[in-house]
Amino acid sequence: MQPRLLLILLLALPLYAIIPSYAPPAPRSNRPAAQPEAPLGSETNPVKCQQPVGQRAYLSRLRGPDGKPPRYRRIGNVGAGVHGNVVDLYEVTCGSNTTVQIYMDMYHHGHIETNAVPGYTIVPPPEPAVTNSPPASVK
């Protein structure tokens with residue numbers, strides 16, 4: 001082995017100690033059981049969405065009893081949820097300062113939730129933009 005390559009490998013080795021590794025979902029016994037009949041947004045029936053942008057899009061489409069969008073803030077992740085994914089907890093406040101907690105699972109690729117959590121209504125998601133121009137690769 002060339003000395004230069006050996007030096008590079010030795011310098012890179014400590015990085016393995018500080019790079020976090022993938023942690024598999026918690027064992028099933030440590031997670032709550034899925035309850036699709038439970039209220040949407042509860043710990044046993046979290047709102048399914050795609051990534052943080054999907055979480056914010058869902059929360060922005062909610063409407064309180066006064067018809068206005070709520071204020072929300074992310075509390076943090078609460079560990080593995082019923083689907084084996086990390087679940088985030090949001091605190092959502094509307095109009096009269098009524099606050100609810102909404103559990104959200106952001107690992108559902110392509111899913112857009114169309115139902116509202118209890119006490120709220122929801123506006124439909126925007127339609128995807130349609131263009132009449134051909135894709136850039138077509139000439």
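1. β3 and β4 form a hairpin with five residues between them, and Gly84 in that turn has a positive phi of about 85 degrees. Strands here are DSSP runs of E with at least two residues, helices are runs of H or I with at least four, and both are numbered from the N terminus. The model is predicted: local features need pLDDT of at least 70, side-chain atom pairs count only at pLDDT 80 or more, and totals for chains, interfaces and linings use all residues. Residues are numbered from 1 along each chain as its sequence is written, and side-chain values use heavy atoms, without hydrogens and water.

2. Strand β3 (residues 71-80) runs antiparallel to β4, joined by seven bridges; two strands pair if DSSP finds at least two bridges between them. Tyr72 has Val92 of β4 as its bridge partner.

3. On β4 there is also an antiparallel pairing with strand β5 (residues 98-105), over eight bridges. Leu89 stands opposite Tyr103 in β5. These two strands form a hairpin with three residues between them, and Gly95 in the turn has a positive phi of about 30 degrees.

4. Strand β4 (residues 86-94) is largely enclosed by the rest of the structure, because seven of its nine residues are buried (under 20% relative accessible area, 1.4 Å probe, protein chains only).

Notes
Buried < 20%, exposed > 50% of the residue type's maximum accessible area, 1.4 Å probe, protein only.
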